[in-house]
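This briefing covers one structure, shown below. The points after it are grouped by topic.

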Amino acid sequence: MRHSTRIAVGPVQFRIGSDWAQPVAALNRLYVGYPRDPERPADATVRLFAARPWRRWLRPSVQIGGDFTVPDALPLPLSMGLLAAEMGMNLQVALGWRRHLLLHASAVAKDGRAVLLSGVSGSGKSTLAALLGESGWRLMGDEFTLIAPDSGDALAFPRAVSLKNEAIAEMAARVDPARFGPLLAGTPKGDIRHLVPRPDAIAAMHDPARPALILFPRFGGTAAVELMGEGEAFVRLTEASTNYVALGEAGFTALTRLVRETPVFGISYPDSATGLALVEQLFAEAIR
Amino acid sequence: MSAVCALVDLLAGRRDAASLSPREWDGVISVARAEALLGTLSVRLGDAALPAPVAALFADQRAAAEVAQHQALWEAEMARRALADDAEFVLLKGTAYAAAGLSCARGRQIGDLDILVPWHDIGRAENELLEGGWEWVKPDPYDDAYYRDHMHELPPLIHKARDRMIDVHHTILPRTHRKTPDPLALVADAVPTASGFAVLCPTDMACHCAAHMLADGDLQGGLRNLWDFHCLAGDFVAADAGFWGRLDARAAKHGLRVEVRRAARLARDLYGTVLPSGWDGHDPGDRWYRRRLLARDDWGGASDFLLQQAFYIRSHWLRMPPAMLARHLWAKWRRR
C-alpha cells in the first residue's frame, strides 16, 4: 500500500497500510511514544483503502479491511481516517487473536494488581479507566483486557483511549493537551477524541497484573454496590469476550478460574468522583 | 519475490523459512490468513527455525486449529444425532478430512459442516434438522427457490444455539451445471472412518476436491483447495500405488476428467505434487489458473481485478445455461 506504519500495542504488532497519507500521519503522531521494533514481523495487518478507485479522491471514503474484514461495513469519510485505523486494529484483535482470552473490558492496575471494568458501551468504563489512569493507577487499556490462560494474569492492551462526547471535556480539564489526538466530530458514535496513556503506562505495557477485582459499572442513579455471583459473572464475561468460543476448553478454564478467584461487583455511580471512590474502596477491600 | 509466491514455496518445501526477512513475513502471514492457510503453514513449519514472534503466532494457530477441529467433529456428531436413523449421510470437505485423519486436515481451517445425503432422503433430512434446532439463514423466497430448483444443496441452515452452519448436499455440483457427477455412486461407494462416520472413497474425494476448486465457483480460496488436492494425492498414493489409474477411471465416470487432470497439473506446478507419466503434461490454459490462484498482493488484498472478474463470469457460465443465467442475473439485479 502507498502509506504504512507499524505499531506495537501490548503483545500485538500491527502493520497498518493506507491509500492516503493522512490516517498514517495521524497514527504516527498519536503513537509516537510507543515502542518500535522494525525487526519484528506483524501479527496483524490493517488496510485502509478506497472501496472504489475514484473514492481515493472524489469524496474520499475509507473502507476498513485487513486480515479480517466485516462484510458490509460502511466506509468512513477520510476526515475520520484515524477512527477507521483504530476500528481496524480492534477488529483484527477481536477476530484474530488466540493467545489470550479477550475480554471487552477496561483495566487499570496498582502494585501489580488489576481492576477490570466490563459492561456495555455507555456504562462509563472507558471514562472511569481514563480517570483512574490520571490518579495514581496504571492504565492497562480501555477496549480489551487479555487474560493469559496458563497463569490467569491480566495483560495490557493500552491503545489510545477513545473518549466520547462529555468525557472529552472532563478529561481535557485534567490532562496535558499534547496527549490528545484531534477531535473527530460527528462520528457514528458521536464526538470522539483519543487520549494517549501516560508514558509510564506505555513503558509497563508488557507487565502482567494479577486480577484483584472485576466491576460492571453503570453510570447514573444513586451510588450502589452489589456483589455478583460467579455464575452471572461468568455468563456476562462470556458475552464480553470475542474469542471465548474459539478458545474452547482453554477459554472455559481461564474464565472459570477468573470468576472463582476474583470478587465481582456491579456498581452504580452518579458522578465520576463517586465512581472513583467506589473503585478505590472496593480495591482496598479486595487486596486486604 | 511476492508474498503469495513465498507462501507457496514455504508450503511446497522449496524455501527455507530462515531466509525470510521480517518484511517478507508480514506479507506471508497476511496472505496466508487471506487464503485460510495460516494454520496449515504453522503446522508445515512446526519444526522450522523461526523468528520468536512468528513461532509464538504459529503456536497460537496450531492450538486454535486443534480446538476448531474438535468443534467441527462435534458438529458432525450433532448432525449424526439429529439425523439418527432417518437419513444416511456422507461427510464432505474439511470435516471429512478431519474425520478420516488425512494429512491436509492438520492445521486446516474448517468452515461449515458439509454433508451429502441421497436425493430421496433430502426431505427427511431437512425435517430432522429443522426439528433438531437448525433454522434457515436466508428466508428470501427467490433465494430459497433458486437453491431448491438449481443448486446441489439445500439453502444453508444455521443452528440457533451453536451458531454453526450446515450445508446439506445431494450432489457435488449444481443441478444445472454442464458437468453432472453421479451422486448415487458417491454415496454407494462411501467408506467408513474409525470414528463411525462415512466419507467419500479416495478417488471420489479427489474428484470432489478438483470439481469444487475448478468447476464450482471463481477459484476464490483456491490455494487452500489445491493444497488439499496435493495432500490427498500424497496420502492416497502412499496407501495404493494404483491410485492415479483408479482416479482417472473414476473421474471419467463422473465426467470430471478435465478438472481432475488440471488440478493435478496445478498441484504439481505450485506444490510439487509428483505425477505419473501420462498425467505429467502441460496445457497452455493452466497459466491463467496459476495467475488466478496467485492473485494476492503483499498486503493480503485481492489483485488482478480483471482476471478475477473473468473467473467470476466463467463460474456462472459453467453453472447454468445462458437463458437461465440471464433470468437469474435479471432477478438479482432487480432486487438490488
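How many residues does the contact take from chain A and from chain B? The contact takes 18 residues from chain A and 19 residues from chain B. The model is predicted.

**Contact between the chains**
- On the side of chain A that touches chain B, two or more residues each come from β2 (12-18), β3 (44-50) and α7 (244-247) of chain A.
- β2(A) gives the most to this side, with three residues.
- Sorted by class, the side of chain A that touches chain B has eight charged, six nonpolar and four polar residues.

**Chain A overall**
- Chain A has 16 strands and nine helices.
- The radius of gyration of chain A is 19 Å, close to the 19 Å that the globule rule gives for 288 residues, so chain A is as compact as a globular protein of that length.
- Along the principal axes, the C-alpha atoms of chain A fill a box of roughly 60 × 45 × 35 Å.
- Of the 288 residues of chain A, 48% count as buried.
- Among contacts in chain A with a separation of 6 or more, 68% are between residues 24 or more positions apart.

**Domains of chain A**
- The domain assignment divides chain A into domain 1 (3-96) and domain 2 (101-287).
- The C-alpha centres of these two domains of chain A lie 24 Å apart.
- Their contact takes 16 residues from domain 1 of chain A and 22 residues from domain 2 of chain A.
- On the domain 1 side of this contact, α1 (21-30) and α2 (81-96) of chain A each supply at least two residues.
- α2(A) gives the most to that side, with eight residues.
- By class, the domain 1 side has 12 nonpolar, three polar and one charged residues.

How values were computed
Residues are numbered from 1 along each chain as its sequence is written. Chains are lettered from A and ligands numbered from 1 in the order in which they are written. This is a predicted model: local features need pLDDT of at least 70, side-chain atom pairs count only at pLDDT 80 or more; totals for chains, interfaces and linings use all residues. Two residues are in contact if their C-beta atoms, placed from the backbone, lie within 7 Å. Helices (H or I, at least four residues) and strands (E, at least two) are DSSP runs, numbered from the N terminus. Ala, Val, Leu, Ile, Met, Phe, Trp, Tyr, Cys and Pro count as nonpolar, Asp, Glu, Lys and Arg as charged, and the others, Gly among them, as polar. The radius of gyration is taken over C-alpha atoms; the globule rule is 2.2 Å times the number of residues to the power 0.38. A residue is buried if 20 or more other C-beta atoms lie within 10 Å of its own, exposed if 12 or fewer, and partly exposed in between; C-beta atoms are placed from the backbone. Domain bounds come from an automatic or database domain assignment.
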